[in-house]
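Please look at the structure shown below, together with its sequence.

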Amino acid sequence: MNSTLIINIFRFVSLLLLQVVLFDNIDLFGFVTPYPYILFILLYPLNSNRAGLILASFFLGLILDGFNNSGGVQAAACVSLAYFRESFLKFSFGISYEYHMMKITDKISTELLTYLGISILFHHLIFYSLEIFNLQFTLEILLRTVLSSALTLIFIIILIFLTKTAKK
C-alpha cells in the first residue's frame, strides 16, 4: 500500500467518525448542522482515479445515510460534489489548478476560500433540496444551505489549520 492510499483511508475514517460522533450532534437554532466530512472529497488527490473518488464519495455518503437514516440524500450530494469537483477547482484556481492544489493546505488563500465556499454551498444545496424536497420551502432550503455552509466552512478551516500544524 502506498502512503497516499493510507492517508486517504485515514482521512475517510476519521472524518466519518468526527461527523457521526461530533458534528451530527451540533444543531444550532434547530436547523443548522455542519458537514465538514466533505473535506475528504475536497482534498482527494488530483492525480488519483476520478471513478475512485466518485465511488469513495458514494460510500461515504451511504454510510452517513445509514447513521442518520437520511434515505440516500448524503450519498447523492457527495456523488454530485465529487463529479463537479474538477469544475470548481478550475473556476477557483484557473486552468493550472493541478499546480496550485499540490499544497492546498499550506495557506488560506482567496482561491482556496472560493473553492471551499462554492463546493460547500453546492453540496449543501443539493443535500437540503433533496432532504426537504418541496418548493414551498425554498426559503428554508436556502436559509439552511447558507447558514450550514458558513458553519461547515468554519469547521473545515479549523480542521485544515489543525492538520497543518500537526504536520510541522
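## The largest nonpolar core

The largest nonpolar core has 35 residues, and those that touch the most other members are Tyr-37, Phe-40, Ile-41, Tyr-115, Leu-116 and Ile-156. A nonpolar core here is a set of buried Ala, Val, Leu, Ile, Met, Phe, Trp, Tyr and Cys residues joined through side-chain atoms within 4.5 Å, where buried means under 20% relative accessible area, exposed over 50%, and partly exposed in between, with a 1.4 Å probe and protein chains only. This is a predicted model, in which local features need pLDDT of at least 70, side-chain atom pairs count only at pLDDT 80 or more, and totals for chains, interfaces and linings use all residues. Residues are numbered from 1 along each chain as its sequence is written, and side-chain values use heavy atoms, with hydrogens and water left out.

Two or more residues of this core come from each of α1 (3-21), α2 (39-42), α3 (50-68), α4 (73-93), α6 (110-132) and α7 (138-167), and α4 gives the largest share, eight residues. These elements are DSSP runs numbered from the N terminus (helices: H or I, at least four residues; strands: E, at least two).

## Contacts of Tyr-37

Leaving aside residues up to four places away in sequence, Tyr-37 touches Leu-15, Gln-19, Leu-60, Leu-64, Gln-74, Cys-78 and His-123, contact meaning heavy atoms within 4.5 Å.

## Two residues with positive phi

Most residues other than glycine have a negative phi. Phe-29, in the loop between α1 and α2, has a positive phi near 60°, and Phe-29 is exposed, with a relative accessible area of 71%.

Phe-133 lies in the loop between α6 and α7 and has a positive phi of about 50°; at 67% relative accessibility, Phe-133 counts as exposed.
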